[in-house]
Amino acid sequence: METKKGHKASIHISDLHFEHKLWKRQLDFYRDELSIFEHRLEELVQRWTDNSVLAQLEQYQNRFVREREVIDELRHDVNEHANQLAKYAQEHPVAIDHVRFEDQVDLRDRMETFQKLFAELKSDFMVYVAKYL
């Protein structure tokens, strides 16, 4: 987990821990938002019988299911990384705050990509809902 100077970017464990906590809370928030969107879908399904509208609603429902899966995957990966750090800290308790770890660039990129795509989905859905309410 440690990196040598001049190699990959490194970061303190407290900064990694902060990001883990932040990401978990953000993922919880996105999961809650999905529940709200799904409830809205149910309302729309009850109001509309037009097959083209129902087909679009089903597409959103499928997208929401996939977003839930992505949230679960990200949460799992965040937890895995946090567990690896905790194990390292337990095995090397002396001066753990002075050890630098490889930055979690890939995980951060995945979170940022997810957040961007989720925002786009939310925006599209809100426009769609306004059109059919």
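**Reading burial and packing**

Mentor: Let us begin with His20, which lies in helix H1; helices are DSSP runs of H or I, at least four residues, numbered from the N terminus. The model is predicted, so local features need pLDDT of at least 70 and side-chain atom pairs pLDDT 80 or more, while totals for chains, interfaces and linings use all residues. Residues are numbered from 1 along each chain as its sequence is written, and side-chain values use heavy atoms, without hydrogens and water.

Trainee: Is His20 buried or exposed?

Mentor: Buried means under 20% relative accessible area, exposed over 50%, and partly exposed in between (1.4 Å probe, protein chains only). His20 has 3%, and is therefore buried. Beyond residues up to four places away in sequence, His20 touches (heavy atoms within 4.5 Å) Val78, His81, Ala82, Leu85 and Gln104.

Trainee: Which residues have the most contacts inside the largest nonpolar core?

Mentor: In soluble globular proteins, nonpolar side chains tend to be buried together. A nonpolar core is a set of buried Ala, Val, Leu, Ile, Met, Phe, Trp, Tyr and Cys residues joined through side-chain atoms within 4.5 Å. Here the largest has 24 residues, with Tyr60, Phe64, Leu74, Phe114 and Phe125 making the most contacts inside it. Two or more residues come from each of H1 (13-47), H2 (51-91) and H3 (105-132); H3 gives the most, nine.

Trainee: What does Tyr60 touch?

Mentor: Leaving out residues up to four places away in sequence, Tyr60 touches Leu41, Leu121, Asp124, Phe125 and Tyr128.
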